[in-house]
Amino acid sequence: MHTLTREEVAALPQGDVRLLNSDLAQGLLTSTELARMAYVAADGTPRVFPMLFHWTGHEVVLSTFVPARKIEALRTRPEVAITIDAAETPPRALLLRGRAEVTEVDGIVPEYALTMRRYAGEEQGTAIVAAVNGPGIRMARIAVRPAWVGVLDFQTRFPGGSTAAEFERRGRA
């Protein structure tokens with residue numbers, strides 16, 4: 001993977017999947033920040049759900065236990081949006097869009113175990129997985145391969161593709 005230079009990142013439009021190779025994206029994809037996944041629920045209303053995640057290098061993998069309601073909703077309407085962001089000043093945000101592919105598995109989703117160890121540490125993560133693993137456990141692996149990628153650092157990249165000067169004037173005539 002080629003990490004993009006600041007100039008290469010600046011030249012790419014929001015939506016370009018090559019933004020995944022920016023320092024900002026890579027930092028958030030390997031962080032312990034939560035991913036917030038937006039989807040449409042079975043009743044047609046929007047939902048945003050915070051989840052732990054694992055980045056495989058190609059897809060964001062989120063895991064849930066069967067029979068979570070979001071499983072059928074994602075199968076019916078697989079288009080999702082995900083943000084992984086750091087609440088700091090200035091904020092950093094990775095914005096992703098794609099289709100969720102849901103696969104049910106017997107036992108623990110392998111990425112779930114990796115996720116628990118990354119977020120909780122090796123020992124505690126292993127203990128968390130052991131505590132929920134057992135006969136009859138079923139999980140769903142929710143994989144999203146980004147088709148649209150945006151990055152915001154509020155220093156060089158701003159919402160709506162605005163410049164620093166335009167962003168500074170926001171809300172003023």
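Buried means under 20% relative accessible area, exposed means over 50%, and partly exposed lies in between, with a 1.4 Å probe and protein chains only. By that rule Tyr112, at 11% relative accessibility, counts as buried. The model is predicted: local features need pLDDT of at least 70, side-chain atom pairs count only at pLDDT 80 or more, and totals for chains, interfaces and linings use all residues. Residues are numbered from 1 along each chain as its sequence is written, and side-chain values use heavy atoms, with hydrogens and water left out.

Start with the aromatic rings. A pair of aromatic rings is described by the distance of the centres and the angle of the planes. Rings of Phe, Tyr and Trp (its six-membered ring) pair if their centres lie within 6.5 Å; planes under 30 degrees apart are stacked, over 60 edge-to-face, and the rest tilted. The structure holds 2 such pairs. Phe53 and Tyr119 form an edge-to-face pair, 6.3 Å centre to centre with 80° between the planes. Phe53 lies in the loop between strand 2 (46-51) and strand 3 (54-55), and Tyr119 lies in helix 4 (residues 110-120), so the pair ties together parts that are 66 residues apart in sequence. Helices (H or I, at least four residues) and strands (E, at least two) are DSSP runs, numbered from the N terminus. Phe53 is buried, at 0% relative accessibility.

Phe65 and Tyr112 also pair edge-to-face, at 5.7 Å between centres and 80° between planes. This pair links distant parts of the chain: Phe65 is in strand 4, Tyr112 in helix 4, 47 residues apart. Phe65 is partly exposed, with a relative accessible area of 30%, whereas Tyr112 is buried.

The test is NZ of Lys or CZ of Arg within 6 Å of the ring centre and within 35 degrees of the ring normal. Arg118 lies over the face of Phe53, 4.9 Å from the ring centre. Lys70 lies over the face of Phe49, at 4.0 Å from the ring centre.

Now the backbone. The peptide bond from Val66 to Pro67 is cis, with omega near 15°. Pro67 is in the loop between strand 4 (60-65) and helix 3 (69-76). Another cis bond joins Thr89 and Pro90, with omega about -5°. Pro90 belongs to the loop between strand 5 (79-86) and strand 6 (92-106). Phe154 has a positive phi, near 60°, and is not glycine. Phe154 lies in the loop between strand 7 (138-152) and helix 6 (164-168), and is partly exposed at 24% relative accessible area.

Last come the pockets. On a 1 Å grid over the protein atoms alone, a pocket is an open set of points where a 1.4 Å probe fits, with protein on both sides within 12 Å along at least five of seven lines; lining residues have an atom within 4 Å of a point. The largest pocket holds about 190 Å³ of space, a volume being the space filled by probe spheres set on the points. Its lining includes Leu4, Arg6, Ser22, Asp153 and Arg157. Helix 1 (6-11) and helix 2 (23-29) each give two or more residues to that lining, and helix 1 gives the most, with 3 residues. The lining divides into 5 nonpolar, 3 polar and 4 charged residues. Here Ala, Val, Leu, Ile, Met, Phe, Trp, Tyr, Cys and Pro count as nonpolar, Asp, Glu, Lys and Arg as charged, and the others, Gly among them, as polar.

The second largest pocket holds about 160 Å³. Of its 11 lining residues, Val17, Leu20, Trp55, Gly57 and His58 lie nearest its centre.
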